[in-house]
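Open the model in your viewer and keep the selection panel at hand.

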Amino acid sequence: MLGLMQNWQLTVDRILQHAAEWHADREIVTRSVEGPIVRTTYGQVHERARRLSNALLAFGVKPGDRVATLAWNSGRHVEAWYAAMGIGAVCHTLNPRLFAEQLCYIINHAEDRIIFTDLTFLPVLLANRDKMPTVETFVVMTDAEHMAGIDFPGALCFETLIEQHSSDVVWGGFDENTACGLCYTSGTTGNPKGVLYSHRSNFLHTLTTLQSDVMGLSAQDVILPVVPMFHANAWGIAFSAPAVGAKLVMPGAKMDGASIHELLETEGVTFSAAVPTVWQMLQQHLEATNGKLTTLKRVVIGGSAAPEAIVRAFRDNYGVDVTHAWGMTETSPLGTQSTPNAAVAALPYEQQLPYRLKQGRAPLGVQLKLTNDADEVLPKDGKTFGRLKISGPFIVREYFRGDGGAILDAEGFFDTGDVSTIDEHGFMQITDRSKDVIKSGGEWISSIEIENIAAGHPKSALAAVIGVHHPKWDERPLLLVKLKAGQTATREEYLAFLEGKIAKWWTPDDVVFVDDIPLGATGKIDKKVIRQQFEHYVLPTAQAAE
Ligand code: AMP
(Lines give C-alpha, C1' and ligand atoms only; values in the text may rest on other atoms or scores of the structure.)
Protein backbone atom coordinates (compact mmCIF):
# COMPACT_ATOMS: atom_id res chain seq x y z
CA MET A 1 0.00 0.00 0.00
CA LEU A 2 1.35 3.41 -0.92
CA GLY A 3 1.14 6.46 1.30
CA LEU A 4 -1.32 9.16 0.44
CA MET A 5 0.84 12.22 0.81
CA GLN A 6 1.62 14.72 -1.97
CA ASN A 7 4.18 13.68 -4.52
CA TRP A 8 6.33 16.79 -4.19
CA GLN A 9 9.50 16.31 -6.21
CA LEU A 10 12.60 17.46 -4.35
CA THR A 11 14.04 19.83 -6.97
CA VAL A 12 16.41 22.62 -5.97
CA ASP A 13 14.56 25.39 -7.83
CA ARG A 14 12.12 25.17 -4.90
CA ILE A 15 14.90 26.35 -2.59
CA LEU A 16 15.38 29.71 -4.32
CA GLN A 17 11.64 29.99 -4.88
CA HIS A 18 11.15 29.55 -1.13
CA ALA A 19 13.80 32.18 -0.35
CA ALA A 20 12.18 34.63 -2.77
CA GLU A 21 8.73 34.09 -1.28
CA TRP A 22 9.60 34.16 2.42
CA HIS A 23 12.92 35.99 2.64
CA ALA A 24 12.69 38.28 -0.39
CA ASP A 25 14.57 41.19 1.20
CA ARG A 26 17.34 39.13 2.79
CA GLU A 27 20.64 40.20 1.25
CA ILE A 28 23.33 38.55 -0.83
CA VAL A 29 26.41 40.74 -0.59
CA THR A 30 29.37 40.22 -2.95
CA ARG A 31 32.88 41.60 -3.14
CA SER A 32 32.69 41.80 -6.92
CA VAL A 33 35.48 40.87 -9.28
CA GLU A 34 35.20 44.42 -10.66
CA GLY A 35 35.96 45.81 -7.19
CA PRO A 36 32.96 47.32 -5.40
CA ILE A 37 30.73 45.59 -2.85
CA VAL A 38 27.46 44.68 -4.61
CA ARG A 39 24.18 44.16 -2.74
CA THR A 40 21.24 42.19 -3.97
CA THR A 41 18.41 40.17 -2.36
CA TYR A 42 16.90 36.71 -2.70
CA GLY A 43 13.92 38.35 -4.41
CA GLN A 44 16.16 39.96 -7.03
CA VAL A 45 18.39 36.92 -7.46
CA HIS A 46 15.34 34.77 -8.08
CA GLU A 47 13.98 37.19 -10.70
CA ARG A 48 17.35 37.53 -12.45
CA ALA A 49 18.05 33.78 -12.41
CA ARG A 50 14.71 33.23 -14.14
CA ARG A 51 15.58 35.78 -16.82
CA LEU A 52 18.88 33.99 -17.31
CA SER A 53 17.00 30.68 -17.69
CA ASN A 54 15.20 32.24 -20.65
CA ALA A 55 18.56 33.28 -22.10
CA LEU A 56 19.72 29.66 -21.82
CA LEU A 57 16.53 28.43 -23.47
CA ALA A 58 17.11 30.95 -26.27
CA PHE A 59 20.58 29.42 -26.79
CA GLY A 60 18.82 26.09 -27.28
CA VAL A 61 19.84 24.58 -23.93
CA LYS A 62 17.83 21.44 -23.31
CA PRO A 63 17.34 19.35 -20.15
CA GLY A 64 20.53 17.44 -19.37
CA ASP A 65 22.81 19.82 -21.30
CA ARG A 66 25.90 20.88 -19.39
CA VAL A 67 26.22 24.58 -18.57
CA ALA A 68 29.57 25.32 -16.94
CA THR A 69 30.69 28.05 -14.56
CA LEU A 70 34.26 29.22 -14.06
CA ALA A 71 33.71 31.70 -11.29
CA TRP A 72 34.40 32.88 -7.75
CA ASN A 73 31.71 32.93 -5.09
CA SER A 74 29.34 35.75 -6.03
CA GLY A 75 25.67 36.66 -6.35
CA ARG A 76 25.94 36.27 -10.13
CA HIS A 77 27.40 32.78 -9.69
CA VAL A 78 24.33 31.85 -7.60
CA GLU A 79 22.09 33.22 -10.36
CA ALA A 80 23.87 31.16 -13.02
CA TRP A 81 23.50 27.99 -10.91
CA TYR A 82 19.78 28.32 -10.41
CA ALA A 83 19.21 29.49 -14.01
CA ALA A 84 20.65 26.22 -15.30
CA MET A 85 19.28 23.89 -12.62
CA GLY A 86 15.77 25.40 -12.74
CA ILE A 87 15.25 24.29 -16.34
CA GLY A 88 16.76 20.83 -15.85
CA ALA A 89 20.17 21.63 -17.32
CA VAL A 90 23.28 20.46 -15.45
CA CYS A 91 25.41 23.10 -13.78
CA HIS A 92 29.04 22.08 -14.13
CA THR A 93 31.34 23.93 -11.72
CA LEU A 94 34.87 24.22 -13.15
CA ASN A 95 37.81 24.60 -10.79
CA PRO A 96 39.98 27.53 -11.98
CA ARG A 97 42.91 26.26 -9.94
CA LEU A 98 43.43 23.36 -12.32
CA PHE A 99 46.06 23.45 -15.04
CA ALA A 100 44.69 24.55 -18.44
CA GLU A 101 45.25 21.05 -19.81
CA GLN A 102 43.09 19.47 -17.08
CA LEU A 103 40.47 22.17 -17.47
CA CYS A 104 40.19 21.38 -21.19
CA TYR A 105 40.03 17.66 -20.46
CA ILE A 106 37.11 18.22 -18.08
CA ILE A 107 35.24 20.61 -20.41
CA ASN A 108 35.52 18.10 -23.24
CA HIS A 109 34.63 15.13 -21.07
CA ALA A 110 31.53 16.93 -19.83
CA GLU A 111 30.77 18.32 -23.32
CA ASP A 112 29.96 21.71 -21.87
CA ARG A 113 27.89 23.85 -24.26
CA ILE A 114 28.09 27.14 -22.42
CA ILE A 115 30.63 28.58 -20.00
CA PHE A 116 29.76 31.38 -17.60
CA THR A 117 33.05 33.00 -16.66
CA ASP A 118 34.36 35.73 -14.42
CA LEU A 119 36.57 38.40 -16.02
CA THR A 120 39.50 36.79 -14.18
CA PHE A 121 39.50 33.69 -16.36
CA LEU A 122 39.16 35.20 -19.84
CA PRO A 123 42.89 34.86 -20.64
CA VAL A 124 43.00 31.11 -19.94
CA LEU A 125 39.79 30.52 -21.89
CA LEU A 126 40.94 32.62 -24.83
CA ALA A 127 44.33 30.89 -24.96
CA ASN A 128 42.62 27.48 -25.03
CA ARG A 129 39.51 28.37 -27.03
CA ASP A 130 40.31 25.96 -29.88
CA LYS A 131 40.75 23.06 -27.45
CA MET A 132 37.11 23.11 -26.29
CA PRO A 133 35.07 22.39 -29.43
CA THR A 134 31.79 21.61 -27.65
CA VAL A 135 31.57 25.10 -26.15
CA GLU A 136 29.26 27.29 -28.25
CA THR A 137 28.88 30.32 -26.02
CA PHE A 138 30.90 32.19 -23.41
CA VAL A 139 28.98 34.45 -21.05
CA VAL A 140 31.12 36.96 -19.17
CA MET A 141 29.74 37.61 -15.69
CA THR A 142 29.96 41.38 -15.81
CA ASP A 143 28.08 44.47 -17.05
CA ALA A 144 28.15 46.23 -20.43
CA GLU A 145 30.58 48.86 -19.19
CA HIS A 146 33.26 46.29 -18.26
CA MET A 147 32.45 44.29 -21.37
CA ALA A 148 33.55 47.20 -23.54
CA GLY A 149 37.26 46.65 -23.03
CA ILE A 150 37.18 42.91 -23.64
CA ASP A 151 38.67 41.30 -26.69
CA PHE A 152 37.01 37.88 -26.72
CA PRO A 153 35.31 37.12 -30.04
CA GLY A 154 31.67 36.11 -29.61
CA ALA A 155 31.57 36.46 -25.82
CA LEU A 156 28.26 37.70 -24.40
CA CYS A 157 27.55 39.98 -21.47
CA PHE A 158 25.75 38.54 -18.42
CA GLU A 159 23.92 41.77 -17.50
CA THR A 160 22.84 42.40 -21.09
CA LEU A 161 21.32 38.90 -21.29
CA ILE A 162 19.41 39.54 -18.07
CA GLU A 163 18.08 42.82 -19.49
CA GLN A 164 17.05 41.18 -22.75
CA HIS A 165 14.96 38.33 -21.32
CA SER A 166 11.79 38.09 -19.28
CA SER A 167 11.45 36.19 -16.02
CA ASP A 168 8.42 34.34 -17.31
CA VAL A 169 9.71 30.77 -17.33
CA VAL A 170 8.68 27.39 -15.96
CA TRP A 171 11.08 25.98 -13.36
CA GLY A 172 11.04 22.42 -12.08
CA GLY A 173 8.21 20.03 -12.92
CA PHE A 174 10.64 17.21 -13.70
CA ASP A 175 11.67 14.08 -11.80
CA GLU A 176 13.71 14.73 -8.65
CA ASN A 177 16.30 12.21 -9.85
CA THR A 178 17.14 14.50 -12.78
CA ALA A 179 20.83 15.46 -12.92
CA CYS A 180 21.44 18.89 -11.47
CA GLY A 181 25.16 19.49 -10.90
CA LEU A 182 28.47 18.11 -12.08
CA CYS A 183 31.77 18.42 -10.23
CA TYR A 184 35.02 16.63 -11.04
CA THR A 185 37.29 15.10 -8.41
CA SER A 186 40.76 16.55 -8.11
CA GLY A 187 42.18 13.50 -9.91
CA THR A 188 45.30 12.84 -7.86
CA THR A 189 45.38 9.39 -9.46
CA GLY A 190 44.63 9.39 -13.19
CA ASN A 191 42.15 11.69 -14.87
CA PRO A 192 39.57 13.62 -12.86
CA LYS A 193 36.23 11.85 -12.59
CA GLY A 194 32.80 13.50 -12.73
CA VAL A 195 30.36 13.32 -9.83
CA LEU A 196 26.84 13.94 -11.14
CA TYR A 197 24.53 15.21 -8.39
CA SER A 198 20.75 14.95 -8.73
CA HIS A 199 18.13 17.44 -7.56
CA ARG A 200 17.05 14.92 -4.95
CA SER A 201 20.59 14.32 -3.67
CA ASN A 202 21.26 18.06 -3.34
CA PHE A 203 17.89 18.67 -1.68
CA LEU A 204 18.45 15.88 0.86
CA HIS A 205 22.03 17.02 1.47
CA THR A 206 20.65 20.50 2.20
CA LEU A 207 18.21 19.13 4.79
CA THR A 208 20.98 17.06 6.35
CA THR A 209 23.45 19.94 6.68
CA LEU A 210 20.74 22.09 8.29
CA GLN A 211 20.45 19.70 11.27
CA SER A 212 21.64 21.45 14.40
CA ASP A 213 24.28 18.76 14.98
CA VAL A 214 25.67 19.56 11.53
CA MET A 215 25.86 23.17 10.28
CA GLY A 216 22.70 24.17 12.13
CA LEU A 217 22.00 27.27 10.01
CA SER A 218 19.08 29.61 10.65
CA ALA A 219 17.28 32.65 9.23
CA GLN A 220 19.23 34.76 11.72
CA ASP A 221 22.61 33.70 10.39
CA VAL A 222 24.90 35.74 8.19
CA ILE A 223 27.01 33.23 6.27
CA LEU A 224 30.33 33.74 4.52
CA PRO A 225 31.31 30.67 2.50
CA VAL A 226 35.03 31.03 1.81
CA VAL A 227 34.93 27.49 0.48
CA PRO A 228 34.42 27.94 -3.26
CA MET A 229 31.24 27.02 -5.11
CA PHE A 230 33.50 25.11 -7.52
CA HIS A 231 34.85 22.90 -4.73
CA ALA A 232 32.13 20.41 -3.84
CA ASN A 233 29.32 22.99 -4.06
CA ALA A 234 30.70 25.27 -1.32
CA TRP A 235 29.72 22.46 1.06
CA GLY A 236 26.12 23.02 0.03
CA ILE A 237 25.90 26.60 1.31
CA ALA A 238 24.50 28.03 -1.95
CA PHE A 239 21.52 25.77 -1.21
CA SER A 240 21.35 25.81 2.58
CA ALA A 241 21.60 29.61 3.01
CA PRO A 242 18.57 30.41 0.79
CA ALA A 243 16.79 27.36 2.24
CA VAL A 244 16.66 29.08 5.63
CA GLY A 245 16.81 32.70 4.47
CA ALA A 246 20.24 33.42 5.90
CA LYS A 247 22.13 36.47 4.58
CA LEU A 248 24.94 35.39 2.22
CA VAL A 249 28.28 37.20 2.04
CA MET A 250 30.36 36.24 -0.99
CA PRO A 251 34.10 36.94 -0.96
CA GLY A 252 34.67 36.97 -4.74
CA ALA A 253 38.32 36.56 -5.69
CA LYS A 254 39.80 37.95 -2.47
CA MET A 255 40.36 35.33 0.19
CA ASP A 256 43.38 36.73 2.03
CA GLY A 257 43.18 37.33 5.79
CA ALA A 258 42.63 41.10 5.56
CA SER A 259 39.84 40.91 2.95
CA ILE A 260 38.00 38.13 4.77
CA HIS A 261 38.33 39.94 8.10
CA GLU A 262 36.92 43.13 6.61
CA LEU A 263 33.84 41.31 5.27
CA LEU A 264 33.34 39.37 8.53
CA GLU A 265 33.20 42.63 10.47
CA THR A 266 31.40 44.98 8.07
CA GLU A 267 28.66 42.50 7.18
CA GLY A 268 28.14 41.06 10.68
CA VAL A 269 28.98 37.49 9.68
CA THR A 270 27.96 34.84 12.26
CA PHE A 271 28.99 31.64 10.43
CA SER A 272 31.74 30.75 8.02
CA ALA A 273 33.28 27.69 6.38
CA ALA A 274 36.73 27.15 4.88
CA VAL A 275 39.78 24.90 4.62
CA PRO A 276 42.44 25.19 7.38
CA THR A 277 44.83 27.41 5.39
CA VAL A 278 42.20 30.17 5.19
CA TRP A 279 41.80 30.16 8.97
CA GLN A 280 45.57 30.17 9.39
CA MET A 281 45.80 33.26 7.18
CA LEU A 282 43.00 34.96 9.09
CA GLN A 283 44.61 34.12 12.43
CA GLN A 284 47.95 35.57 11.28
CA HIS A 285 46.19 38.71 10.11
CA LEU A 286 44.31 39.09 13.40
CA GLU A 287 47.51 38.63 15.40
CA ALA A 288 49.46 41.10 13.27
CA THR A 289 46.75 43.79 13.43
CA ASN A 290 45.39 43.07 16.90
CA GLY A 291 42.08 42.46 15.12
CA LYS A 292 38.82 41.34 16.73
CA LEU A 293 35.94 39.16 15.63
CA THR A 294 32.87 40.85 17.03
CA THR A 295 30.04 38.93 15.35
CA LEU A 296 31.48 35.59 14.22
CA LYS A 297 30.13 32.75 16.36
CA ARG A 298 30.75 29.51 14.48
CA VAL A 299 33.22 28.21 11.96
CA VAL A 300 33.41 24.90 10.11
CA ILE A 301 36.82 23.62 9.05
CA GLY A 302 37.15 20.81 6.54
CA GLY A 303 38.92 19.63 3.40
CA SER A 304 41.97 18.59 5.38
CA ALA A 305 42.60 18.00 9.07
CA ALA A 306 41.87 20.92 11.41
CA PRO A 307 45.02 21.82 13.35
CA GLU A 308 44.61 21.91 17.13
CA ALA A 309 46.29 25.31 17.35
CA ILE A 310 43.57 26.87 15.16
CA VAL A 311 40.70 25.30 17.08
CA ARG A 312 42.16 26.54 20.36
CA ALA A 313 43.10 30.00 19.13
CA PHE A 314 39.65 30.77 17.72
CA ARG A 315 37.94 29.65 20.91
CA ASP A 316 40.34 31.15 23.44
CA ASN A 317 41.21 34.42 21.68
CA TYR A 318 38.08 35.22 19.71
CA GLY A 319 35.24 33.23 21.32
CA VAL A 320 34.49 31.37 18.07
CA ASP A 321 33.32 27.76 18.16
CA VAL A 322 35.16 25.67 15.57
CA THR A 323 33.79 22.36 14.39
CA HIS A 324 35.65 19.97 12.17
CA ALA A 325 33.97 18.36 9.17
CA TRP A 326 34.96 15.71 6.69
CA GLY A 327 33.70 15.01 3.23
CA MET A 328 34.58 14.68 -0.41
CA THR A 329 33.26 15.64 -3.84
CA GLU A 330 31.71 12.16 -3.99
CA THR A 331 29.70 12.77 -0.78
CA SER A 332 28.02 16.06 -1.85
CA PRO A 333 30.28 16.78 0.21
CA LEU A 334 29.38 16.63 3.87
CA GLY A 335 29.94 13.19 5.44
CA THR A 336 30.67 13.84 9.10
CA GLN A 337 30.95 16.74 11.52
CA SER A 338 32.52 16.78 14.96
CA THR A 339 29.75 18.39 17.00
CA PRO A 340 29.75 16.88 20.51
CA ASN A 341 27.05 14.38 21.46
CA ALA A 342 25.60 14.40 24.98
CA ALA A 343 28.39 12.28 26.48
CA VAL A 344 31.17 14.42 24.98
CA ALA A 345 29.41 17.71 25.74
CA ALA A 346 29.32 16.69 29.43
CA LEU A 347 33.14 16.57 29.54
CA PRO A 348 35.38 19.51 30.47
CA TYR A 349 36.59 21.31 27.31
CA GLU A 350 40.10 19.86 27.48
CA GLN A 351 38.63 16.36 27.38
CA GLN A 352 36.21 17.31 24.59
CA LEU A 353 39.05 18.52 22.42
CA PRO A 354 40.35 15.10 21.29
CA TYR A 355 36.82 14.37 19.98
CA ARG A 356 36.44 17.80 18.40
CA LEU A 357 39.71 17.25 16.55
CA LYS A 358 38.42 14.05 14.99
CA GLN A 359 36.54 14.31 11.69
CA GLY A 360 33.21 13.72 13.39
CA ARG A 361 29.94 11.83 13.55
CA ALA A 362 27.60 10.70 10.78
CA PRO A 363 24.29 12.59 10.58
CA LEU A 364 21.03 11.00 9.45
CA GLY A 365 21.48 10.29 5.75
CA VAL A 366 25.01 8.95 6.08
CA GLN A 367 26.04 5.38 6.91
CA LEU A 368 29.67 4.53 7.66
CA LYS A 369 31.59 1.31 8.12
CA LEU A 370 35.23 0.25 8.41
CA THR A 371 36.54 -2.78 6.59
CA ASN A 372 39.86 -4.58 6.19
CA ASP A 373 41.37 -5.76 2.89
CA ALA A 374 39.23 -8.94 3.07
CA ASP A 375 36.12 -6.73 3.25
CA GLU A 376 35.36 -7.80 6.83
CA VAL A 377 33.69 -5.16 9.00
CA LEU A 378 35.99 -3.87 11.76
CA PRO A 379 34.96 -2.79 15.28
CA LYS A 380 34.16 0.81 16.23
CA ASP A 381 36.61 0.88 19.14
CA GLY A 382 38.55 4.05 18.34
CA LYS A 383 41.73 2.00 17.80
CA THR A 384 41.22 -0.39 14.89
CA PHE A 385 41.63 1.37 11.60
CA GLY A 386 40.43 0.29 8.21
CA ARG A 387 39.00 1.47 4.91
CA LEU A 388 36.27 4.04 5.47
CA LYS A 389 33.18 3.20 3.42
CA ILE A 390 30.06 5.30 3.10
CA SER A 391 26.52 5.01 1.78
CA GLY A 392 23.49 7.26 1.61
CA PRO A 393 21.14 9.10 -0.75
CA PHE A 394 23.70 11.85 -1.51
CA ILE A 395 26.73 9.58 -1.94
CA VAL A 396 28.04 8.76 -5.44
CA ARG A 397 26.78 5.54 -7.05
CA GLU A 398 28.77 5.74 -10.28
CA TYR A 399 31.04 8.32 -11.92
CA PHE A 400 29.92 10.29 -14.97
CA ARG A 401 30.11 8.20 -18.15
CA GLY A 402 30.93 5.12 -16.04
CA ASP A 403 34.57 6.13 -15.45
CA GLY A 404 36.28 3.89 -12.92
CA GLY A 405 33.70 1.10 -13.45
CA ALA A 406 31.71 -0.34 -10.54
CA ILE A 407 32.60 1.62 -7.43
CA LEU A 408 30.28 0.18 -4.77
CA ASP A 409 30.86 -2.95 -2.67
CA ALA A 410 28.36 -5.79 -2.33
CA GLU A 411 26.44 -3.84 0.34
CA GLY A 412 26.29 -0.68 -1.78
CA PHE A 413 29.02 1.24 0.08
CA PHE A 414 31.53 3.54 -1.64
CA ASP A 415 35.18 3.19 -0.62
CA THR A 416 36.30 6.72 0.26
CA GLY A 417 40.01 5.97 -0.14
CA ASP A 418 40.44 7.23 3.42
CA VAL A 419 41.62 5.05 6.29
CA SER A 420 40.08 5.80 9.66
CA THR A 421 38.95 4.71 13.10
CA ILE A 422 35.48 5.15 14.61
CA ASP A 423 35.26 5.41 18.40
CA GLU A 424 32.67 4.33 20.94
CA HIS A 425 30.88 7.70 20.64
CA GLY A 426 30.74 7.36 16.84
CA PHE A 427 33.47 9.92 16.10
CA MET A 428 35.38 9.03 12.95
CA GLN A 429 39.06 9.94 12.68
CA ILE A 430 41.04 9.85 9.46
CA THR A 431 44.42 8.20 9.95
CA ASP A 432 45.54 8.06 6.32
CA ARG A 433 44.65 7.83 2.66
CA SER A 434 44.46 4.12 1.76
CA LYS A 435 47.16 4.49 -0.88
CA ASP A 436 49.50 6.09 1.69
CA VAL A 437 49.00 3.67 4.57
CA ILE A 438 52.13 1.56 5.20
CA LYS A 439 51.55 -2.18 5.10
CA SER A 440 54.13 -3.80 7.33
CA GLY A 441 53.94 -7.55 7.98
CA GLY A 442 50.20 -7.57 7.22
CA GLU A 443 49.51 -4.75 9.70
CA TRP A 444 48.85 -1.10 8.87
CA ILE A 445 50.92 1.87 9.99
CA SER A 446 49.44 5.39 9.75
CA SER A 447 51.83 7.62 7.80
CA ILE A 448 49.90 10.73 8.85
CA GLU A 449 50.23 10.03 12.55
CA ILE A 450 54.02 9.67 12.36
CA GLU A 451 54.45 12.74 10.16
CA ASN A 452 52.23 14.88 12.39
CA ILE A 453 54.44 14.06 15.38
CA ALA A 454 57.66 14.54 13.40
CA ALA A 455 56.33 17.86 12.05
CA GLY A 456 55.94 18.96 15.68
CA HIS A 457 59.72 18.69 16.29
CA PRO A 458 60.97 22.24 16.84
CA LYS A 459 63.49 21.95 14.01
CA SER A 460 60.97 20.69 11.39
CA ALA A 461 59.60 22.84 8.61
CA LEU A 462 57.72 19.91 7.07
CA ALA A 463 57.68 16.12 7.46
CA ALA A 464 56.41 13.28 5.30
CA VAL A 465 56.30 9.52 5.79
CA ILE A 466 56.05 6.94 3.03
CA GLY A 467 56.24 3.15 2.88
CA VAL A 468 59.40 1.78 1.24
CA HIS A 469 59.88 -1.77 0.05
CA HIS A 470 61.32 -4.16 2.62
CA PRO A 471 62.20 -7.80 1.81
CA LYS A 472 60.85 -9.20 5.07
CA TRP A 473 58.01 -6.86 6.09
CA ASP A 474 56.81 -5.87 2.60
CA GLU A 475 56.92 -2.16 3.52
CA ARG A 476 58.51 -0.12 6.29
CA PRO A 477 58.15 3.59 7.09
CA LEU A 478 60.70 6.12 5.85
CA LEU A 479 60.60 9.59 7.41
CA LEU A 480 61.52 12.61 5.29
CA VAL A 481 62.21 15.87 7.09
CA LYS A 482 62.63 19.34 5.67
CA LEU A 483 64.40 21.32 8.38
CA LYS A 484 63.76 24.98 9.14
CA ALA A 485 66.33 27.32 7.59
CA GLY A 486 69.73 27.14 9.30
CA GLN A 487 68.92 24.00 11.32
CA THR A 488 70.85 20.74 11.42
CA ALA A 489 69.68 17.48 12.99
CA THR A 490 70.49 13.79 13.16
CA ARG A 491 68.51 10.68 12.41
CA GLU A 492 68.87 9.57 16.05
CA GLU A 493 67.49 12.86 17.32
CA TYR A 494 64.27 12.34 15.34
CA LEU A 495 63.90 8.68 16.29
CA ALA A 496 64.32 9.62 19.95
CA PHE A 497 61.67 12.32 19.50
CA LEU A 498 59.18 9.73 18.23
CA GLU A 499 59.95 7.21 20.99
CA GLY A 500 57.03 6.69 23.35
CA LYS A 501 54.68 8.69 21.08
CA ILE A 502 54.05 5.83 18.63
CA ALA A 503 54.09 2.03 18.88
CA LYS A 504 57.66 0.74 18.74
CA TRP A 505 57.07 -1.22 15.53
CA TRP A 506 55.86 1.99 13.84
CA THR A 507 59.31 3.58 14.27
CA PRO A 508 60.64 4.61 10.84
CA ASP A 509 63.47 2.45 9.56
CA ASP A 510 65.29 5.52 8.35
CA VAL A 511 65.21 9.32 8.41
CA VAL A 512 66.24 11.38 5.39
CA PHE A 513 66.75 15.15 5.49
CA VAL A 514 65.59 16.76 2.25
CA ASP A 515 65.72 20.29 0.81
CA ASP A 516 62.08 20.19 -0.19
CA ILE A 517 58.91 18.14 0.16
CA PRO A 518 56.69 18.33 -2.95
CA LEU A 519 53.17 19.71 -2.53
CA GLY A 520 50.23 19.03 -4.88
CA ALA A 521 47.78 21.53 -6.46
CA THR A 522 45.60 21.58 -3.34
CA GLY A 523 48.55 22.28 -1.02
CA LYS A 524 48.67 18.74 0.38
CA ILE A 525 51.94 16.74 0.50
CA ASP A 526 52.30 14.92 -2.83
CA LYS A 527 53.15 11.37 -1.78
CA LYS A 528 52.91 10.11 -5.35
CA VAL A 529 55.92 12.24 -6.31
CA ILE A 530 57.81 11.30 -3.14
CA ARG A 531 57.18 7.62 -3.77
CA GLN A 532 58.61 8.02 -7.29
CA GLN A 533 61.68 9.82 -5.90
CA PHE A 534 62.33 7.06 -3.37
CA GLU A 535 61.29 4.13 -5.53
CA HIS A 536 64.72 2.52 -5.39
CA TYR A 537 65.63 3.59 -1.88
CA VAL A 538 67.23 0.78 0.10
CA LEU A 539 66.53 0.92 3.82
CA PRO A 540 69.44 0.06 6.14
CA THR A 541 67.19 -2.60 7.70
CA ALA A 542 66.50 -4.11 4.27
CA GLN A 543 70.21 -4.76 3.70
CA ALA A 544 70.40 -6.45 7.09
CA ALA A 545 67.41 -8.68 6.30
CA GLU A 546 68.82 -9.94 3.01
P1 AMP B 1 37.87 16.53 -2.24
O2 AMP B 1 36.96 15.59 -2.97
O3 AMP B 1 38.80 17.28 -3.12
O4 AMP B 1 37.08 17.41 -1.33
O5 AMP B 1 38.84 15.67 -1.30
C6 AMP B 1 38.30 14.77 -0.37
C7 AMP B 1 39.39 14.23 0.51
O8 AMP B 1 39.96 15.27 1.31
C9 AMP B 1 38.90 13.21 1.51
O10 AMP B 1 38.77 11.92 0.95
C11 AMP B 1 39.97 13.27 2.58
O12 AMP B 1 41.10 12.50 2.24
C13 AMP B 1 40.34 14.73 2.57
N14 AMP B 1 39.63 15.43 3.65
C15 AMP B 1 38.46 16.09 3.58
N16 AMP B 1 38.13 16.61 4.79
C17 AMP B 1 39.10 16.23 5.65
C18 AMP B 1 39.33 16.43 7.04
N19 AMP B 1 38.50 17.14 7.80
N20 AMP B 1 40.45 15.90 7.58
C21 AMP B 1 41.32 15.17 6.84
N22 AMP B 1 41.15 14.95 5.53
C23 AMP B 1 40.06 15.47 4.93
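Which residues have the most contacts inside the largest nonpolar core? Select L56, Y82, F116 and M215: these have the most contacts inside that core, which has 79 residues. A nonpolar core here is a set of buried Ala, Val, Leu, Ile, Met, Phe, Trp, Tyr and Cys residues joined through side-chain atoms within 4.5 Å, where buried means under 20% relative accessible area with a 1.4 Å probe, protein chains only. Next, highlight residues 75-86, helix α3, which gives the most to this core, with 7 residues. Helices are DSSP runs of H or I, at least four residues, numbered from the N terminus.

This is a predicted model, in which local features need pLDDT of at least 70 and side-chain atom pairs count only at pLDDT 80 or more, while totals for chains, interfaces and linings use all residues. Residues are numbered from 1 along each chain as its sequence is written, and side-chain values use heavy atoms, with hydrogens and water left out.

Now centre on M215. Leaving aside residues up to four places away in sequence, M215 touches T209, W235, I237, F271, R298, V300, L334 and Q337; contact means heavy atoms within 4.5 Å. A second, separate core has 55 residues, including A68, V90, L182 and L263.

Select helix α1 (residues 13-22) together with helix α9 (residues 237-244): they pack at an angle of about 35°, with axes 7 Å apart. The axes are lines fitted to C-alpha atoms over the stretch in contact, and angles run from 0 to 180 degrees between N-to-C directions. On α1, show I15, L16, H18 and A19, which meet F239, P242 and A243 in α9.

Finally, colour domain 1 (8-198) and domain 2 (436-545), bounds that come from an automatic or database domain assignment. Their C-alpha centres lie 44 Å apart.

Definitions and conventions:
Buried means under 20% relative accessible area, exposed over 50%, partly exposed in between (1.4 Å probe, protein chains only). Helices (H or I, at least four residues) and strands (E, at least two) are DSSP runs, numbered from the N terminus.
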